[in-house]
Amino acid sequence: MDANTTIGIADLPTQRRKIVSKRGSPFTLMVCGESGLGKTTFVNTLFSTTLKNYQNNKKRHARQTAKTVDIEITKAELEERFFKLKLTVVDTPGFGDYVNNKDAWVPIVEFLDDQHESYMLQEQQPHREETIDMRVHACLYFIRPTGHTLKPLDVEVMKKLCTRVNLIPVIAKADTLSRTDLEAFKARIRSVIEAQGISVYSPPIDEEDITAAQEARNIASAMPYSLIGSEKDVQLPNGGVVKGRQYSWGVAEVENPEHCDFNILRDLLIRRYMLDLITTTEDKHYESYRALQMETRKYGEARPRKLDNPKFKEEEEALRKRFTEGVKKEELRFRQWEQRLITERDRLNKDLAATHTIIKSLQMDIENIQPGSVSRSHRR
């Protein structure tokens, strides 16, 4: 074929781009972590709009009576250069906020599995024009900036999440740590993640593109990503205006790479690797779930739930304990009643035996008396 002659194959990406731009694309982002780590601020800053409203901190302690993790879903449709993004943000208020956080991850894990299950059931239907895709494409796990290492709860939760979703650990409120302490904190977190076998999302490396491959390595090496959250505009000494936090010593800028990794995380989530997050969810996590369910379940069989909702678990345990105590109390009362019956039966048997003995003795006396009385009557 002549090099100057084309048949139009090269125009296929352009055609595909028009179709995708018209249809739009869904993207679901989950933010997981304790309250007060700036999850809402980060989401609003990332998408440059107010997607989530702030919670009333005065009511935070009122939730202590509930002892449950909620799932809050916020949906929005964003448009940029005629491309529509159907965005869904999933928040987990209540996670890690209690003294006893046993099974706190269960509602989160169940939600992730439920979305895979829902999509799999929709694929099995004869009509799939209105398929609803709520599969989570990325999960940002917010780590409290203690400066020490990961807590046991963090390790346990990330182990559960990494097999179901693209896990991206981030350090919240990085402006509370010095640069030296932050790097040391990152190194300790990376060592724990490697030692515990936790799989975190890493951007693909294209060896054919040297520049892109180096950028991917730089993004991967910055994990866990440090964040500074702020929606407020702060004026710099040179007159510029940036998003950041004003301190007595200066300004902590959100988009300054010397202060935090916000730009790197934005490139990872949106500008460079959003498509890879979506395809990885489809080809890796969803296919793993689908293969496992098809191997272990019959067609049409409901998915077994491993653990009950923690919201009712303590009530169930209390009811079970109360029932057990009631059964033990009734068993004790029955045994005491049974013992009294046995004692009464033995007493009656002894009285009956004594009565029989008296009767036999009387019968013998009667028999002994009767012959003498007969002989005396004959003599007369």
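Predicted model: local features only at pLDDT ≥ 70, side-chain atom pairs only at ≥ 80, totals over all residues.
Two strands count as paired here if DSSP finds at least two bridges between them.

Start with β2 and β3. Strand β2 covers residues 72–80, and strand β3 covers residues 83–91. They run antiparallel, joined by 9 bridges. Now the turn. The hairpin has 2 residues between the strands. R81 takes a positive phi there, near 55 degrees.

What is its strand order? The order is β7-β8-β9, an open sheet of 3 strands with antiparallel pairing. β7, residues 233–235, and β9, residues 250–253, stand at the edges. Each has a single partner strand, so one side of each is left without a neighbour in the sheet. From one strand to the next, the twist averages 65 degrees. Look at β8, residues 241–247: 4 bridges join β8 to β9, and the two run antiparallel. Within that pairing, G244 is the bridge partner of E253 in β9. As a reminder, strands of a sheet pair through backbone hydrogen bonds, either parallel or antiparallel.

Now a single residue, F142. F142 sits in strand β4, residues 138–143. Is F142 buried or exposed? Its relative accessibility is 3%. The cut-off for buried is under 20%, so F142 counts as buried. What does F142 touch? Leaving out residues up to four places away in sequence, the contacts are V31, C32, G33, L37, G38, K39, F42, V170, A172 and L227. Also check P169. P169 is 27 residues from F142 along the chain, yet their C-alpha atoms are separated by 6.2 Å.

Last, the backbone. Most residues other than glycine have a negative phi, and most peptide bonds are trans.

First place: K173. Phi of K173 is near 50 degrees, a positive value in a residue other than glycine. K173 lies in the loop between β5, residues 167–171, and α5, residues 179–195. At 38% relative accessibility, K173 counts as partly exposed.

Where is P224? It is in the loop between α6, residues 210–221, and β6, residues 225–226. The peptide bond from M223 to P224 is cis, with omega near -5 degrees.

How values were computed. Residues numbered from 1 in each chain as written. Heavy atoms only, no water. Buried < 20%, exposed > 50% of the residue type's maximum accessible area, 1.4 Å probe, protein only. Contact = heavy atoms within 4.5 Å. Axes fitted to C-alpha atoms, helices over the stretch in contact; angles between N-to-C directions.
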